[in-house]
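Here's a quick tour for anyone meeting this structure for the first time. Have a look at it below, and then we'll walk through a loop and a pair of helices.

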Amino acid sequence: MSVQSASRWGLVAQFPAPLIARFARNRLAVSGLIVVVLFLFFCFVGPLLYSTDQVHTDLTQVNLGPSGSHWLGTDAVGHDELGRLMYGGKVSLLVGLAAGVLATVIGTLWGSIAGYAGGWVDAVMMRVVDAGIAIPALFILLVVSAITTPGVPGLIVILGLVSWLVPSRLVRAETLTLKRRDYVLTLRAIGGTHGRAIARHILPNSVSTIVVAATFQVADAILLVAYVSYLGLGVQPPSTDWGGMLSAGLTAAYSGRWWLIVPPGLAIILVVCAFNAIGDGLRDAFDVRGRG
């Protein structure tokens, strides 16, 4: 078997039953996966089973408490709160997942190129990363949101562009180790290009780091969009997300209308904790030192 084949088969061998078994032994990670699946079903399938109007206002149904007709009551403009929780969750999860994936892709490409190139290229690229990390992502989001009114696609792009820095550092560290492996040195010795070395060996063998980083990036993106929306700078009505629901229900909570703030707050906490638990479980499952 060639060196390239051995490298690829070594990667594939990580994914079947042993990896799943190690992940399954982590009860917290499995619980997190179940929570994420349930919320995906709730937000994307739920509206098909529990249909509500989340566009038009109904001033005859304002601030009603939970009842048989409105399971979680209504808000200040008559929207059914359970239906709004589904609708807002769809936006939060969509933005979080897409922004997390975008940030991971950008960070992976940046980190792998910097780590593989080394020298002054690595130094310059990582100084850019250091400068970006020094500026709080929330500050950048607030500035951009104050200048423009982003929709869902805009939030995904903005979050992705401010969240790729940490994954790039992780992938760079992994690349610095992998580029010294025999199969990479052999490829270079027989005339293989730098791009081929990165695409065929560096990135595939960094998959554990990339996957774990992606789960944490999704959790961070969901929190960031909640922060921005809570401050009134996220998606604009009639669209909403869980952060926007928190912002809209904050004053009502002092009047005893708990159903406007407790459900979206719990949803954010549960989903973020679930993605973090999945990330911890994947990290332990991929960790060779934890086997045995």
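H79 touches D53, Q54, V55, H56, T57, G73, T74 and R84, leaving out residues up to four places away in sequence; contact here means heavy atoms within 4.5 Å. The model is a predicted one, where local features need pLDDT of at least 70, side-chain atom pairs count only at pLDDT 80 or more, and totals for chains, interfaces and linings use all residues. Residues are numbered from 1 along each chain as its sequence is written, and side-chain values use heavy atoms, without hydrogens or water.

H79 sits in the loop between helix 4 (46-49) and helix 5 (81-117), helices being DSSP runs (H or I, at least four residues) numbered from the N terminus. Its C-alpha atom is 6.5 Å from that of T57, 22 residues apart along the chain.

D75 belongs to the loop between helix 4 and helix 5 too. Here is how buried these residues are (buried means under 20% relative accessible area, with a 1.4 Å probe and protein chains only):

| Residue | Relative accessible area |
|---|---|
| H79 | 4%, buried |
| D75 | 11%, buried |

A polar atom of the D75 side chain lies 2.8 Å from the backbone nitrogen of H79, and one lies 3.1 Å from the backbone nitrogen of V77.

Now for the helices. The axes of helix 5 and helix 8 (residues 152-163) come within 8 Å and cross at roughly 40 degrees; these axes are lines fitted to C-alpha atoms over the stretch in contact, with angles from 0 to 180 degrees between N-to-C directions. By class, their contact has 14 nonpolar, two polar and no charged residues, where Ala, Val, Leu, Ile, Met, Phe, Trp, Tyr, Cys and Pro count as nonpolar, Asp, Glu, Lys and Arg as charged, and the others, Gly among them, as polar.

Terms used: Helix = DSSP H or I, 4+ residues; strand = E, 2+ residues; numbered from the N terminus. Buried < 20%, exposed > 50% of the residue type's maximum accessible area, 1.4 Å probe, protein only. Polar contact = N/O pair within 3.5 Å; in protein donor to acceptor, adjacent residues only side chain to side chain.
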